[in-house]
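Good morning, and thank you for coming. I shall present one structure today, beginning with the whole and moving on to selected parts. Please look at the display before I continue.

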Amino acid sequence: MNTLGLHGVSAGMTAPALKLSNISKQYPGVLALNHVSLECLAGEVHAVLGENGSGKSTLLGIASGARAPDTGTVEILGRPLTTADPLMARRLGLATVYQDNSLVPELTVAQNLLLGVTGPSVRYSGIVAWAQSQLDLYGLSIDPRAFVADLSPAQRQFLEIVKALAAEPKVLLLDEPTTSLDIHDVEVLHGIVRRIVGEGGTVVYVSHRLPEILSLAQRVTVLRDGMWQGTYETTKELSEKDLIALMVGRPIEAEFPPKKGRAAREGGIALAVRGLSGAAFDQIDLDLHRGEILGLAGAEGNGQRDVLRAVGGFEDARGQASCEGRRFMLGAPRSAIGAGVMMLSGDRGTESIFPVLGVRENMTIQVLEGFSKLGIVRGTRERDRANELINELDIVTATLDQPISSLSGGNQQKAVLARSFLHGAKVVLIDEPTQGVDAKARFDIYQALRAKVDQGTSIIVKSADAIELAGLCDRVLVFSRGRIIRELEGDDVTEPNIVSSFLTSTAVRGDRSSPAEESAMDGSGSAWRGFWRVVGPGTQWWKPSCFLLFLIVVVGAYVSSQSSTFLTPLNGRHLLTATAPLALVAMAQLHALLVGGFDMSVGSLMTVVLVAASFLLGSGSSVPVILGGTLLCLIIGLLVGLANGTLVRRLKINPVITTIAMLSVLQGIALHLRPVPGGAINTDFLDVLTARVWFMPFAFIVIVALAVLGDYWLYRTRSGLRTRAVGFREEAARRNGIRTGLIHLHAYVLAGGMAALAGLFLATEVGVGHPTVGATYTLTSIAAAVIGGAALTGGRGSFLGAVLGAIFFALIVNIVPFLGVNTAVGVIVSGGLTLLAVMIYSGRLPLGRVRHMLRAASGGRRTRAIEPSI
């Protein structure tokens, strides 16, 4: 092996494109990096290897500006990275493809690509054509208008790479880029990498797949326990065994434990599946024997992953499944677990771990009854068993209570595996068992799986790695186009046989019901689908507004049929005048909701502004005084918003706690200044706010125009796109170089300003300084924004929808006297419709399952999973 000290590498060569010097990083209880240095040259692929927890991802995070080092410096193309800032790193010429990607699933492909580009070179109106040109550069057939949530894992990985390359970086960091790719996709990726370095770029490549490293990289740097172990040229003399020995500190003789092969069939049937059909597969029959490891193989997207998830209850499907003779319901994880079938998802961060809980809690959460007596958990016994599994699986953690999110991917995977062992499941379904796992951790996982199988457990493994399937599995089922096309067993289970089976397949997907057949399935079927498309969670932003407008028209039409005085200009004027303050405060609330926050202080802020107006805009005030007083009232709102934003972002106080505290402060100020209502507000000022064209208040027209402009900004500008990205996935937005803290601050400042404006319009309803009148607006503002399409989790909403929500609530109050019903009825109806809207927009109302049941009842063959929330 040719070992080159880092300082010696650059001698006599060109200046490094990326240089990290004496980097150290300490986390609580863990020294992640200890004086590590790295130099990467232009025109080379430089691999970084190490076990999980060796510091690779931390090193790349520091290089990309995502993390700050405790000591050391970073230079990109000879210029220092002076602060931990991904945007600065991008501007210096470095882009990163993260292991847990920086995509926002709720946005389209084109929008995600735009997020990764700095500068004004791309116009928002032309992003679809621009995105298509970026995808065409690399021969990727991905629809730029598709939502990222609808893409396959492989497509997402390529999109992440294209997004990084769209910024035209000189240095590209790839962190585990092939974990979700099959053999064909890996070759495509390697072609892209070779093209980059061929044009003089630098690629830093982190992967646990050693054959890739040896075939692609010119040099490799090895880390172990946070320390640099050496930099080596990838000559023919450097083998996989050499690299493994450098990574783990000792040689590993055999990666895979011995298999049972055909002898595995001697056990009885542990799992039987018959006639399994779903959106991506048809008529799947399979048997899993006791003490057998069965593999599912195939090119990505051919149904093998969907079959595994369907059996585990993670996806809807039709058919029959039983474990040890016990039938269980498909599409219901609880039913599968109750029968002894446990699924370990390949989407570890979302579906397998509880990130904020500790290692112990993640391991024991499904079996706490085994450690409890009379409902009280016996902590000593729980900890002892957790420690046994930590030692058995060699899980590296500082303490049992260390948050699992701080562990490396391999150690997280071992902890999830330990959960299935504790549960005593008869059948374990594992999607990508060693995804993002180093060679040593893979060896530990393989040994643990085989040991569990020897004890009688049965396992089904889906993996994109044909070598892994060949070395681990007793039998392999190969999928193509949603069907099993070949079964390999015993000595036939080899990598060439697995790969050639799906590459040479001529299978066709089974018949599907045509759209016409689906429409004819039931008289109500098309109506359900039409309703879902209008208001369901996969909708575009404006569709909830259309649904709400429809409700307003229906309610108005019904009331007008009951009372001839409802549709008079006088009532219309009163209705719209009453709507104005609620519409403005609902739009104010929407600013906070868009970034995933809340502002519980908006009602009290309206009150304070109203009280302030009673002093600043009193009767007899001159025009200059009125203008100055109005400006001071708006400044009060902006300052309160600035205070809220600063407390939430700078001091990291929960937004609900922050704004509730602010609510109390503002309420106290209002009561101190005006213990009782008083102080008449200037009538000339009120006349300006209530000026109208026929029955239509001019101010309401301006509010609607502001809402339209707000929606244009939110959905047709890059600034609005960044705001939505922060609301949907803040960490992904930050990795894209978006100033997330600044966007949060802007949102709260704008919320404060608009709430202050709402307080001024409230004066038209009250006319005097009232110390408590604004209190009822806080919750109603949230309800109006939500019923207009806003998501409580952030990222989605409509200013026009918020205005329509305000109209709707004002309408409910307005119609009570016309219908002669109790006021309480209006309150109940408002609350009920708000709950209905939240359930529909968030996907909590199981309309998709109702549609599935309608299809099943009509004998239709097509089954589709419930649409994801976009």
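Let me begin with a definition: a contact means heavy atoms within 4.5 Å. By that criterion, among contacts in the protein with a separation of 6 or more, 72% are between residues 24 or more positions apart. The model is a predicted one, in which local features need pLDDT of at least 70 and side-chain atom pairs count only at pLDDT 80 or more, while totals for chains, interfaces and linings use all residues. Residues are numbered from 1 along each chain as its sequence is written, and side-chain values use heavy atoms, with hydrogens and water left out.

The protein has 870 residues, of which 55% are buried. Buried means under 20% relative accessible area, exposed means over 50%, and partly exposed lies in between, with a 1.4 Å probe and protein chains only. The secondary structure consists of 34 helices and 27 strands. Both are DSSP runs numbered from the N terminus, helices being H or I with at least four residues and strands being E with at least two.

I turn now to two sheets. Two strands pair if DSSP finds at least two bridges between them. Strand 5 (residues 71-76) and strand 6 run antiparallel and are joined by 2 bridges, with I76 opposite R79 of strand 6. Strand 6 (residues 79-80) also contains P80. Which residues does P80 touch, not counting those up to four places away in sequence? They are V74, E75 and L92. P80 and L92 are 12 residues apart in sequence, and their C-alpha atoms are 8.6 Å apart.

A further open sheet has 4 strands in the order 13-12-15-16, again with antiparallel pairing. Strand 13 (281-289) and strand 16 (326-327) each have a single partner strand, so one side of each is left without a neighbour in the sheet. Strand 12 (residues 269-278) and strand 13 are joined by 6 bridges, and I269 stands opposite H289 of strand 13.

Strand 13 also holds Q283, whose phi is near 45°, a positive value in a residue other than glycine. Most residues other than glycine have a negative phi. Q283 is partly exposed, at a relative accessible area of 45%. E176 has a positive phi too, of about 50°, and lies in the loop between strand 8 (171-175) and helix 7 (183-198). E176 is buried, at 3% relative accessible area.

Next come the charged side chains. A salt bridge here is a side-chain nitrogen of Lys or Arg within 4 Å of a carboxyl oxygen of Asp or Glu, and the whole structure contains 23 of them. In one, the closest N and O atoms of D431 and R305 are 2.9 Å apart. D431 belongs to strand 20 (residues 427-431) and R305 to helix 10 (residues 304-311), so this pair ties together parts that are 126 residues apart in sequence. Is D431 buried or exposed? At 1% relative accessibility, D431 is buried, whereas R305, at 22%, is partly exposed. R305 and D431 also belong to a salt-bridge network with E432 and K462.

Another salt bridge joins R360 and E382, at 3.1 Å from N to O. R360 lies in helix 13 (residues 359-364) and E382 in helix 14 (residues 379-393), 22 residues apart, and both residues are buried.

Finally, a helix pair. Helix 24 (residues 623-649) and helix 30 (residues 740-766) pack at about 145°, their axes 7 Å apart. Axes are lines fitted to C-alpha atoms, for helices over the stretch in contact, and angles run from 0 to 180 degrees between N-to-C directions. The contact includes G637 and G641 of helix 24 and G752 and G753 of helix 30.
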